[in-house]
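Please prepare a short briefing on selected local features of this structure.

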There are 2 protein chains.
Amino acid sequence: MKRKRVVILGATGSIGESALKVARDIPERMEIVGLAANRNAEKLAEAANKVRPESICLVDETKIDILRKALDYEPRIFAGEEGLREIACLTNGEMVLVAIVGTGGLRPALAAIEAGKDLAVASKEILVMAGEIVMREARESGVHVLPVDSEHNAIFQCLEGKLFESRKRPTPNSESFREQAIEHPTSNADNSALDVFDVRRIILTASGGPFRELASNKFDSITPEQALKHPTWNMGPKITIDSATLFNKGLEMIEAHWLFGVEMKRVEVVIHPQSIVHSMVEFADGSTLAQLSYSDMCFPIQYAVTWPYRVPNTLPPLDFSKLSKLEFFRPRYGDFPALNLARRAGEAGGTLPAVMNATNEVAVAAFLDRQVSFPSIWQIVEEVMNRHASVAHPDLDAILQADQWARAEATGCVKSLKR
Amino acid sequence: MKRKRVVILGATGSIGESALKVARDIPERMEIVGLAANRNAEKLAEAANKVRPESICLVDETKIDILRKALDYEPRIFAGEEGLREIACLTNGEMVLVAIVGTGGLRPALAAIEAGKDLAVASKEILVMAGEIVMREARESGVHVLPVDSEHNAIFQCLEGKLFESRKRPTPNSESFREQAIEHPTSNADNSALDVFDVRRIILTASGGPFRELASNKFDSITPEQALKHPTWNMGPKITIDSATLFNKGLEMIEAHWLFGVEMKRVEVVIHPQSIVHSMVEFADGSTLAQLSYSDMCFPIQYAVTWPYRVPNTLPPLDFSKLSKLEFFRPRYGDFPALNLARRAGEAGGTLPAVMNATNEVAVAAFLDRQVSFPSIWQIVEEVMNRHASVAHPDLDAILQADQWARAEATGCVKSLKR
């Protein structure tokens, strides 16, 4: 494979750092042509000085001078939300890794798709809020949407890129198989690429977070410090809290639904505390494929970049003699309501997933700010979801409007619950 | 897919029974057009009366009258070794499932390949003894060799049939990927289909058998009854003893080497007592894919028949909430010498794998007959392997000659060890 020319949106975050590490690890296969960050000018300059991309972007325009001073070379500099869309569409870029926390990645992602760039998606919001739009636009532009979440990347590996072959079957060399391939009935539904692969269930694994075994009557006293201690993954604060509430898994259920074109009822969750099996696919014949590796985001990021190739790297492979055991449990649905709320949002569709997502963001911030209790996060999300009149097949404006509405409602809920 | 027309060689054995079960389970996808057995005329007739294939075959010609009397319809009847080759080449057959214990499947398998039939291989001997010949003939005839062993079928699933795409890559819909696919360097070696899929290791799982945790100083007193109690799989006696000595896994290492075109050094074994993960593939990027299901041969048999399709059936899928835990351990190489002997045979190639296989057959029979101790099986195999002057790139005659030589040598060893 040639070097893939990648633009990273969210270069200073946890995923961005891992992506920079991957680029250092496989320099012949990955070239960074653009780096964008929200407001951390110093860290962006530091990364840019090392990697020396042709273009960089800082969303916070007030810090452009700090950025300029900290740079030791002269890249093209983009600024603001508009700059983020521009750097996503760089003529020189082939793939855009969207790793911006929150809704900020949505417009640049759609701009990149329109410009014919493949998308590597790390920001859950993109598919949770606008999965229908993003997947439709990607199909129409003929670009790929590659998952960077370890779970979705695992599923993608279990399907071995077949997602993009759509109606095509492996092309073996005997006539009898070729005939069968032609005769195989396919569905006419729009997002049914997977029908032909006969997927029965997508099984997302969840570590269960730090409170997997905690009695629910102790949830009220959980502190932000306790919730920020994730047992297996080292991630940013928002996603770490989401792992503790299981909203992270809930968002991933909706993501999987859009990404792989499977109905919500076929998306399930199993608790797997070791975070070695990153997710599984159960096929129509009762056989299951699973992807395994140590918990390091470099694995899925690299595969999103190098797919369909497997490229040697310095990441440690699994040592099965040290692995010893892998456990699987049924989630505590009653005690962790996030999963059922997400299923409800995903099944209803429309603007409800965006509302769930926005409300959760506000509630998590309030919990981290010690304004509300840990279980209040679920309570606030449910309350705002109940109040919402969902719009079916919304356009981007309707989605962003629902997002704003939900934030206002959530803020109101936080105030009423403040302790 | 159309109904696949299948001939079963070894219809009255354990795999044959499972294959009949699969045909009953998915009648729209699998049709049995031929059934063959070695000497169990009654059981063959019973199966034939139910399934009513057009053709049946009994190798033991002295029992043809018994067979005829037990039949309640009039199929075409083949007899003898020659009949076995003929039924393997039926005009009406598309796939031949070779499930004959021992070397008897070798000539019919080669005949089927020559006649353009796809092969579903359950008899380890075929690939262990003549992997080089079988895979070469299959390539030249443009037929598929599909693995029925649960381990190799698992690996096949992890590679998702890519084995047969050879140099071809998934054909995604963007220009950049298409260019890369063309540019991707491929090896020129003959059996290197997998090079392009960047497989780093094939990891065969082994239950470890009933003596996985037994102290080696107690091996001497192991009885056939104890050795025949397999903890997770219900199989025939020969393969059950092979599972206890780990020669089964040793034979599978050599099978994997030929079937997937990977060097012996890339084929590894890990002990997995639950027999849920049936094998794994570690790719060049350190990521691993695994196939999981309950231990039932119907899973791999069906996939071999329906590939590349996944066909709904009545087999129970995994219940992860009940699965609870999967364990992995390093094999006790020193205490179970079969693995290292098999690696040595596979690396040496030539006639040595056939010698190992034949000697093991004689030694297992002697153990079951209480003539020699359990650890004598390893001792006899090593002794005869040491005595053998291997022939490189042997033809079928040289292989069968080595097989005969080894049986005579092994019988001598048994006599000298008799207790």
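The points below are grouped by topic.

This is a predicted model, in which local features need pLDDT of at least 70 and side-chain atom pairs count only at pLDDT 80 or more, while totals for chains, interfaces and linings use all residues. Residues are numbered from 1 along each chain as its sequence is written, chains are lettered from A and ligands numbered from 1 in the order in which they are written, and side-chain values use heavy atoms, with hydrogens and water left out.

**Salt bridges**

- Over all chains, the structure holds 52 salt bridges, a salt bridge being a side-chain nitrogen of Lys or Arg within 4 Å of a carboxyl oxygen of Asp or Glu.
- One of them pairs B:Arg3 with B:Glu31, with 3.6 Å between the closest N and O atoms.
- Helices (H or I, at least four residues) and strands (E, at least two) are DSSP runs, numbered from the N terminus.
- B:Arg3 is partly exposed at 41% relative accessible area, and B:Glu31 is partly exposed at 23%.
- The accessibility classes are buried (under 20% relative accessible area), exposed (over 50%) and partly exposed (in between), with a 1.4 Å probe and protein chains only.
- B:Lys265 and B:Glu263 form a salt bridge through their side chains, at 3.6 Å from N to O.
- In that pair, B:Lys265 is exposed at 54% relative accessibility, whereas B:Glu263 is partly exposed at 40%.
- A salt bridge also joins B:Arg332 to B:Asp335, with an N to O distance of 2.9 Å.
- B:Arg332 has a relative accessible area of 24% and is partly exposed; B:Asp335, at 29%, is partly exposed too.
- In chain A, salt bridges link A:Lys124, A:Asp149, A:Glu151, A:Lys249 and A:Glu252 into a network.

- Two packed helices are described by the angle between their axes and the distance between the axes.
- Axes here are lines fitted to C-alpha atoms, for helices over the stretch in contact, and angles run from 0 to 180 degrees between N-to-C directions.
- Helix α1 (residues 14–25) of chain B and helix α12 (residues 298–306) of chain B have axes that come within 9 Å and cross at roughly 65°.
- The crossing of α1(B) and α12(B) is right-handed; a crossing is right-handed if the near helix is turned clockwise from the far one by less than a right angle, and left-handed if anticlockwise.
- On the α1(B) side the contact (heavy atoms within 4.5 Å) involves B:Ile15, B:Ser18, B:Ala19, B:Lys21 and B:Val22, which meet B:Cys298, B:Ile301 and B:Gln302 of α12(B).
- This contact of α1(B) with α12(B) comprises five nonpolar, two polar and one charged residues.
- The classes are nonpolar (Ala, Val, Leu, Ile, Met, Phe, Trp, Tyr, Cys and Pro), charged (Asp, Glu, Lys and Arg) and polar (the others, Gly among them).
- Helix α11 (residues 247–259) of chain B and helix α14 (residues 338–348) of chain B cross at roughly 25°, their axes coming within 8 Å.
- That angle makes α11(B) roughly parallel to α14(B), the term used for angles under 35 degrees, with over 145 roughly antiparallel, 65 to 115 roughly perpendicular and the rest oblique.
- α11(B) and α14(B) have a right-handed crossing.
- Their contact includes B:Phe247, B:Leu251 and B:Ile254 from α11(B), and B:Leu339, B:Leu341 and B:Ala345 from α14(B), among others.
- Nine nonpolar, three polar and two charged residues make up the contact of α11(B) with α14(B).

**A buried glutamate**

- B:Glu361 lies in helix α15 (residues 352–368) of chain B and is buried, at 18% relative accessible area.
- Leaving aside residues up to four places away in sequence, B:Glu361 touches B:Gly102, B:Glu125, B:Lys238 and B:Arg407.

**Backbone geometry**

- The peptide bond between A:Trp307 and A:Pro308 is cis, with omega about 5°, and A:Pro308 sits in the loop between α12 (298–306) and α13 (320–323) of chain A.
- In chain B, a cis peptide bond runs from B:Trp307 to B:Pro308, with omega near 5°.
- A:His393, not a glycine, has a positive phi of about 40°; A:His393 is in the loop between α16 (374–387) and α17 (396–417) of chain A and is exposed at 64%.
- B:Arg52, also not a glycine, has a positive phi of about 55°; B:Arg52 is in the loop between α2 (41–51) and β3 (55–58) of chain B and is partly exposed at 42%.
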